[in-house]
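I opened this model to look up its overall build and a few backbone details. My entries follow the structure.

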Amino acid sequence: MKTARDLGLPADFLWGASTSSYQVEGAAAEDGRQPSIWDTFCRMKGRVDNGESGDVACDHYHRWPEDVALMRGMGLKAYRFSIAWPRLLPKGRGAVNQAGLDFYDRLIDGLLEAGIEPWACLYHWDLPQALDDIGGWPERDSAGWFADYAVLAARRYGDRVKHWATFNEFSVFTLFGYAWGWGAPSIADRALYLRTVHHVNLAHGGAVDVLHDLVPGAKVGGIHSWQPCRPESDTPEAGAAAALFNEHWNLVFPDPQILGHYPPLLAPAIEPYVQAGDMARICRPLEWFGVNHYAPVYARPAPDLASGSIFGILPEGTPTSGVGWPVEPGAFTETLLTLTERYRLPVYVTENGYGMKTGDDPGPDGEIDDRPRLDYLKAYIAAMGAAKNSGADVRGYFVWSLLDNFEWGGGYGSRFGIVHVDFASQKRTLKSSAKWYTALVKGEAVG
Ligand code: BGC
């Protein structure tokens, strides 16, 4: 039995949970919100399992007081949520939606009253559809649209929200949405993808400046998906694919944002979109590095795809989660040490968690025994402690996710919550992982 402190995670370590707007809020057409590219994507035939969407999701838009009370009961110190751009600016720019602004006022005030620090992310993939209609992220103007949205959010909430993230998982939404066509807005085009990478980097840099200018005491970071990339086999082709995939997945956003340059394999391809002064606009001072880590990936060449490389087959015998992702706590330790050494910023784990497709429902007694998730969290949190003990500057951890929610292309069939949601009744039930996490967060010795 060990406490978090026994694991090397000090008393001031920040324990929290994460969600995102489109995945939990629902109320998609309420109070003036207009569609995002994900509303559109969900309506395309065959794109999301069972034709599901975030129309209702966890109904967090209405049930947030209950969700905040749950977090308070668990002793969480922080909640990472995202602001839905199409709630604040239904067309992405221009007319402001008062009801949308009011919603996050209520949520933020409720969190503060509960003693929970709000960590707001400006973009978790729900680009207003109206902006995609005029070109979306591949257009250079998108950096300006994003800066204007950041001004609105910073002015409105900056008196109470001090921790801000610009984007969630830059590489995931750009690869899935613009290189492979597997996510909104369903583009698979090398030139559009590369333009998007550069413009999202510009948008990040601009928003960092806005937040620092308008929010007194702002602490700003970007949130990166970082998964060690390994070759699928020991052929030279697989080795090259892993090096290339590492740049697409891990490096092409944080390197320019923090180190001031694009990584070497991709730099020549992005160069045509870079204008004088751009690299200085992208590389702005940051207070923290957000990392979402789940599992290492194995890469293979994919000459027909815009990224030239892609996920490969897992080595035989790799233990996997309920959604087929490798379970390897050592890769988490490795990630945290790499990030500290490479970027020299305080690291916050803004997502880590375990997906299940089955076996995650209430038993006859109403209890939810999600043992595999609990075991995963236990092993990964110990791995984070090991990283900290070896010098990784990790300051906090937000589990993904507070609630079972809309898991993008997987719809409601993949559950990541530590709190179970019965989507028919919207009833919330703490799973055994949530009870374990509560004990850990409260400083108790846990098994
Ligand atoms: C995303 C979340 C997602 C989670 C599990 C991350 O890529 O930020 O939105 O639900 O992983 O797939």
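**Glu 169 and the overall build**

I began with Glu 169, which counts as buried at 7% relative accessibility; buried means under 20% relative accessible area, exposed over 50%, partly exposed in between (1.4 Å probe, protein chains only). Its phi is near 50°, a positive value in a residue other than glycine. I placed Glu 169 in the loop between strand S4 (163-168) and helix H8 (170-179); helices (H or I, at least four residues) and strands (E, at least two) are DSSP runs, numbered from the N terminus.

I noted the conventions next. The model is predicted, so local features need pLDDT of at least 70 and side-chain atom pairs count only at pLDDT 80 or more, while totals for chains, interfaces and linings use all residues. Residues are numbered from 1 along each chain as its sequence is written, and side-chain values use heavy atoms, with hydrogens and water left out.

I counted 16 helices and 13 strands in the protein chain. The radius of gyration is 20 Å, close to the 22 Å that the globule rule gives for 447 residues, so the chain is as compact as a globular protein of that length. The radius is taken over C-alpha atoms, and the rule is 2.2 Å times the number of residues to the power 0.38. Of the 447 residues, 60% count as buried.

I found a positive phi of about 45° at Ala 57, which is not a glycine. Ala 57 sits in the loop between H2 and H3 and is buried, with a relative accessible area of 4%.

Glu 25 is in the loop between helix H1 (21-24) and helix H2 (37-42), and counts as buried at 4% relative accessibility. Beyond its neighbours within four places in sequence, Glu 25 has contacts (heavy atoms within 4.5 Å) that include Ala 57, His 60 and Arg 87.

**Helix H16**

I checked how enclosed H16 (residues 432-441) is: nine of its 10 residues are buried, so the helix is largely enclosed by the rest of the structure. Trp 436 and Tyr 437 are among the buried ones. Their cover includes strand S1 (14-18), helix H3 (60-74) and helix H15 (371-389). Gly 443 follows H16 and has a positive phi, near 85°.

**Cis peptide bonds**

I logged a cis bond from Ala 184 to Pro 185, with omega near 5°; Pro 185 lies in the loop between H8 and helix H9 (190-214). The bond from Trp 400 to Ser 401 is also cis, with omega near 10°, and Ser 401 is in the loop between S11 and strand S12 (419-422).
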